[in-house]
2 protein chains.
Amino acid sequence: MTNKTTWFEEIWSPEGSSFSLEVSELLHTEQSDYQKIDIYKTTHWGNLMVLDGCYMVTDRDNFLYHEMMTHPVLFTHPDPKKVLVIGGGDCGALKEVLKHPTVKEAWQVEIDERVTRVSEEYFPDLCDSNNDTRANFYFGDGIAWLKERPANSLDVIIIDSTDPVGPAAGLFNREFLGECLRALNTNGVLVQQSESPLFHSNTLIKDLHTELKAAGFTSLKTLPFPQPIYPSGWWSCTMASKDLDVTQFRASDAENKVFDTQYYNYGIHLGALCTPEFMKKALD
Amino acid sequence: MTNKTTWFEEIWSPEGSSFSLEVSELLHTEQSDYQKIDIYKTTHWGNLMVLDGCYMVTDRDNFLYHEMMTHPVLFTHPDPKKVLVIGGGDCGALKEVLKHPTVKEAWQVEIDERVTRVSEEYFPDLCDSNNDTRANFYFGDGIAWLKERPANSLDVIIIDSTDPVGPAAGLFNREFLGECLRALNTNGVLVQQSESPLFHSNTLIKDLHTELKAAGFTSLKTLPFPQPIYPSGWWSCTMASKDLDVTQFRASDAENKVFDTQYYNYGIHLGALCTPEFMKKALD
């Protein structure tokens, strides 16, 4: 690549669409034990991380995903003290989790240590809470880690995974989700990234609801949010609990949150709980 | 173009991003008096209309834009009887307007008759209310049409325009918006498409708020919504009124709406009224 700009394109073949960003430099490339990791400098979106050819994060728009993967679930639990992030190697979810003063211990369990090491270098902003004394890191298989975890020992589980192929394939089935439920304490809440409302309401999102119910979760809600770099520019996460109604949350705490966000606030949480008509039809 | 598939790409140069759809056939192309009109058959999004190289509508995702440009403003007005759509040549907004039983007369004032004629052929679904006896069509300059309109004679004005360059450049300034206010009756409400929350909160959206206030509107609200084919995949409309608080609406009527939608419902309306943190900072 010369210093002339070029474009990085991710084609989403199953839906005949693609999204491209103009890039000025390939800052880093490596084949880790798990995937190809590329970091580009873009012209307008800051740095960009690509895993196996798929967009992961940019400096410019990651706040949407990271805030929606964390603050709704943390304001749904009445008093989240112990929080697990499975995946999330860029550390952006962990950073948002640690903004909550109730949190006493947070684990990030990421299979690919190289994602975190590369993020520390190219996404320092996402990693600036990594030295928080409440933060714990384990690099290895999240499914195995969870099986070793005592029952009733976590308040919130955040599954911040890549698409359900490759390393993340095992994170969307009832066996794994059942392990999550076992590890969650009373009032425990789980959230899982759940792809595009437009593309996946009748497939992955519906299937995830089925698997969550089969695993024993009784209250489910899929929250849509914008995410320009992901296929369709529209993404979602799905919250689930056995004990709590996940459509209710600590509204007053959210309204008076003691930390800054760029997207999330009380109203955004309320709005994300409202389901578009076509999704209601797909999921009811 | 052969029967092998290829891609239509719109590059959004100011932000270094682009979005592409896989297309199998160029169904129609012409240079009208105002713009180049291309219709493609896509592999996964139905038909696609492109004006001067910019995405306008696809069969698959236009419901998001058309529903959000119409139902929030129509459920904000207490009793919308007379509705004007400026632009909107594809007839999709008009179709949604006519779903409201309160509406007695609707005008579509589009500068380029060819857009409507081509839509009748390639987007018959969007045009299937064109024979409604309440529907009136005028092909010509919306600004001139509005100046001839008596004062206090419209309940709702929907400005369903292209980007604020070319034919639509005059639709975003205080002079035109003042003409809208003059034509609106007591409790009149206007809505204007207002580009991308991510790209334009500090520029076009902020400027539009300034122009609306300068024109005499006192209550303003920008409502974000997903729109995959538009730049960033995230779009917005801005509602404004002199007499009404546009953050309030006929909630019960919206909850019990007597027509089908794919995206809009009471909760979606409520959620769209909630402003992301970064937009609050840009617009306050």
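Predicted model: local features only at pLDDT ≥ 70, side-chain atom pairs only at ≥ 80, totals over all residues.
## How the two copies relate

What about the surface through which the copies meet? Of the interface residues of chain A, 100% are also interface residues in chain B, so the two copies use the same surface to meet each other.

## Domains of chain A

Chain A is assigned two pieces: domain 1 covers 6-58 and domain 2 covers 62-283. Their C-alpha centres are 23 Å apart. The two domains of chain A do touch, with 23 residues of domain 1 in contact with 22 residues of domain 2.

## A helix pair in chain A

Now for some helix packing. Two packed helices are described by the angle between their axes and the distance between the axes. In chain A, take helix α6 (residues 174-183) and helix α8 (residues 204-215): their axes come within 8 Å and cross at roughly 50°. An angle of 65 to 115 degrees would count as roughly perpendicular and one under 35 as roughly parallel, so α6(A) and α8(A) are oblique to each other. Their crossing is right-handed.

Which residues do the touching here? On the α6(A) side they are R174(A), L177(A), G178(A) and L181(A), and on the α8(A) side L208(A), T210(A), E211(A), L212(A), A214(A) and A215(A). Sorted by class, this contact between α6(A) and α8(A) holds six nonpolar, two polar and two charged residues.

## The helix pair in chain B

Over in chain B, the pair to look at is helix α6 (residues 174-183) and helix α7 (residues 197-215), whose axes come within 8 Å and cross at roughly 50°. That angle makes α6(B) oblique to α7(B). The crossing of α6(B) and α7(B) is right-handed.

From α6(B), the contact draws on R174(B), L177(B), G178(B) and L181(B), which meet L208(B), T210(B), E211(B), L212(B), A214(B) and A215(B) of α7(B). By class, the α6(B)–α7(B) contact comes out as six nonpolar, two polar and two charged residues.

Definitions and conventions: Residues numbered from 1 in each chain as written. Chains lettered and ligands numbered in written order. Heavy atoms only, no water. Contact = heavy atoms within 4.5 Å. Axes fitted to C-alpha atoms, helices over the stretch in contact; angles between N-to-C directions. Helix = DSSP H or I, 4+ residues; strand = E, 2+ residues; numbered from the N terminus. Parallel < 35°, antiparallel > 145°, perpendicular 65-115°, else oblique. Left-handed = near helix turned anticlockwise from the far one by under 90°. Nonpolar A, V, L, I, M, F, W, Y, C, P; charged D, E, K, R; others polar. Domains from an automatic or database assignment.
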